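Please keep the sequence and the model side by side while reading.

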Amino acid sequence: MKESTRRKITSFSLVSAPFVWILVFLFIPYIVMFTYSFYVKKYPTFIPAFEFVNYIAIVSDPQYYQILFRTARIAFMVAGSALLIAYPLAYFLVFKIRSDKLRAALYMAVIVPLWVSYLLRAYTWKTILGSEGILNSLLVWSGFLDAPTDIFLYNQFSMVVTLTYIFVPFMVMPIYMALEKIPGSMVEASKDLGVGPFRTFLRVTLPLSMPGVIAGATFTICLTFGDFVAAFLVGGPNGAMIATIIQSQFGATLNWPLGAALSIVMLVIVLSIISLSDRLERSGHIDLG
Amino acid sequence: MKLSRSQIQERIGDKLLSLMATGAMLFLYIPVLVLIVFSFNDNRSLTLPLRGFTLKWYEKFLSNTDMLTAIGNSLYVASVATVITIVIGTVAAFALDRVVFPGKTVFRRLVLLPIALPGIITGISMLNMFKLMGINLSLETVILGHATGLVAIVVTQVFARLQRFNRRIEEASSDLGARPWQTFCYVTLPNLRSALIGSALLSFTVSFDEIPVTFFLTGRDNTLPMYIYSTLRRGITPEINAVGTVIVVLSLGLIVLSVYLLRESAKE
């Protein structure tokens with residue numbers, strides 16, 4: 001065999017292994033899910049069809065679109081509160097910590113929880129916020145309350161707190177990287193021109209860090225859309241999120257076509273948010289050359 | 001000496017900022033501490049005040065055979081999924097770095113999609129395909145799901161390393177008479193070592209703790225997070241805190257090691 005043919009075969013097999021994998025386990029499943037979304041539920045399972053009934057149900061039945069709105073509202077609240085916590089922290093790490101080693105260590109301490117068990121991080125908030133939980137027993141024990149209250153758990157508040165806690169690292173990471181890229185000379189220049197530190201922050205630092213803020217908000221919003229674990233643990237009976245509804249279609253409710261259609265809707269929402277933020281990031285991008 | 005207005009502003013700002021940063025760190029770590037402290041607390045209910053030190057919750061979970069089976073299942077799933085994802089991911093990273101082929105952009109987008117999309121979508125789409133093909137759900141289908149979702153982690157890390165890799169070393173090796181596979185094993189791979197080990201540790205931890213994909217792809221066997229998830233229906237016990245403490249401490253260790261290795265690989 002000629003050397004060139006052999007090299008071609010080698011490079012072909014090099015590419016084909018992951019290509020086949022991605023085709024079989026990623027691309028085809030999406031196509032199947034898309035196909036199922038046009039099928040029709042029929043007891044005990046479903047039958048092939050090409051109908052829009054599932055999509056029509058999603059836009060016409062308040063049960064579905066209200067939960068979509070609710071999920072979106074919680075997602076924005078989570079992104080907002082994560083931003084309020086993450087921005088000062090990232091700013092502090094980048095500009096106020098002088099030692100490189102300490103900064104790296106603290107940054108690691110912030111990022112590492114990101115990869116640690118999602119379930120347990122949500123679970124611990126359930127134990128803190130419950131009516132027989134840690135916060136309540138602390139308040140009763142210390143005399144702030146006469147009897148435990150159930151206002152902390154199973155509502156929008158507990159959802160936002162828990163999801164914010166889980167996603168804060170996703171917010172810190174891009175903001176930290178954006179702040180790190182800002183040259184010290186820009187801030188110095190603003191100071192030399194007699195601009196106070198607060199206005200320097202508003203006019204120079206904040207605008208330059210916007211790409212990080214947008215990236216962080218995108219992460220948190222998209223991930224909140226996919227959450228059903230925190231909803232199960234701290235959401236309570238009225239705490240269903242869109243992912244909870246999808247999940248139940250494949251379990252107790254057993255309506256796979258509707259579940260597939262809802263998944264497609266979620267997919268479209270998430271992909272639109274990602275491409276919108278891509279565009280925002282690019283249009284807001286200031287080239288520092 | 002009188003302070004100027006902007007100096008005063010700066011001092012107040014600094015105080016406020018360090019206060020907020022401290023608050024944020026407390027917010028991140030107090031829940032972890034709570035999880036750990038209550039795993040040693042001698043009280044069935046998770047309430048204050050603390051009632052004294054005990055190891056009984058650890059004894060209890062170590063004698064819970066369902067939980068031990070679940071741990072075994074999780075170790076099996078995470079190890080096999082990591083091996084598959086490392087092989088597929090490394091080859092994909094090489095292909096993206098070195099080979100020109102049609103549809104490369106589409107391929108890259110598809111590979112990286114599971115990072116951006118919620119896990120539930122990966123889980124449901126694969127569930128739908130397995131159903132269509134008549135494949136029964138088992139730990140093996142979970143492995144396929146995890147490997148597919150995790151490939152993106154390996155691809156990004158190994159690709160980043162390859163982009164900075166100086167190909168001249170490979171040329172030197174082949175000029176000195178090494179065969180392609182020798183160059184690959186003795187020159188290329190050792191240079192990728194920290195990227196590979198780092199992303200393997202990360203993949204292992206993520207797979208061990210994974211819920212959204214596992215939820216849809218598992219059959220009768222439970223992984224550890226799925227077992228915990230199902231017991232939480234019946235309420236919370238300090239036993240969950242005990243197993244949770246072990247998971248969190250081990251995961252933290254593995255992730256710190258992995259982040260350290262990946263950072264080393266970025267410096268090389």
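Chain B has a radius of gyration of 24 Å, whereas a compact globule of 268 residues would have one near 18 Å. The model is a predicted one. Along its principal axes, the C-alpha trace of chain B spans about 75 × 70 × 35 Å. Of the 268 residues in this chain, 43% count as buried.

The secondary structure of chain B consists of eleven helices and zero strands, so that reading along the sequence gives the pattern α-α-α-α-α-α-α-α-α-α-α. Among the contacts in chain B with a separation of 6 or more, 81% are between residues 24 or more positions apart.

Chain B also touches chain A, and the contact takes 68 residues from chain B and 68 residues from chain A. On the chain B side, helix 1 (residues 5–39) supplies the largest share, 16 residues. By class, that side of chain B has 52 nonpolar, 13 polar and three charged residues.

Within chain A, consider helix 11 (residues 242–249) and helix 12 (residues 256–283). Their axes come within 8 Å and cross at roughly 150°. Because angles over 145 degrees count as roughly antiparallel, helix 11 of chain A is roughly antiparallel to helix 12 of chain A. The crossing of these two helices is left-handed.

Which residues in helix 11 of chain A meet helix 12 of chain A? They are I242(A), I245(A), I246(A) and Q249(A), and they meet W256(A), L258(A), G259(A), L262(A), S263(A) and M266(A) in helix 12. By class, this contact has seven nonpolar, three polar and no charged residues.

Conventions. Residues are numbered from 1 along each chain as its sequence is written. Chains are lettered from A and ligands numbered from 1 in the order in which they are written. This is a predicted model: local features need pLDDT of at least 70, side-chain atom pairs count only at pLDDT 80 or more; totals for chains, interfaces and linings use all residues. Axes are lines fitted to C-alpha atoms, for helices over the stretch in contact, and angles run from 0 to 180 degrees between N-to-C directions. Helices (H or I, at least four residues) and strands (E, at least two) are DSSP runs, numbered from the N terminus. Angles under 35 degrees count as roughly parallel, over 145 as roughly antiparallel, 65 to 115 as roughly perpendicular and the rest as oblique. A crossing is left-handed if the near helix is turned anticlockwise from the far one by less than a right angle, and right-handed if clockwise. Two residues are in contact if their C-beta atoms, placed from the backbone, lie within 7 Å. Ala, Val, Leu, Ile, Met, Phe, Trp, Tyr, Cys and Pro count as nonpolar, Asp, Glu, Lys and Arg as charged, and the others, Gly among them, as polar. The radius of gyration is taken over C-alpha atoms; the globule rule is 2.2 Å times the number of residues to the power 0.38. A residue is buried if 20 or more other C-beta atoms lie within 10 Å of its own, exposed if 12 or fewer, and partly exposed in between; C-beta atoms are placed from the backbone.
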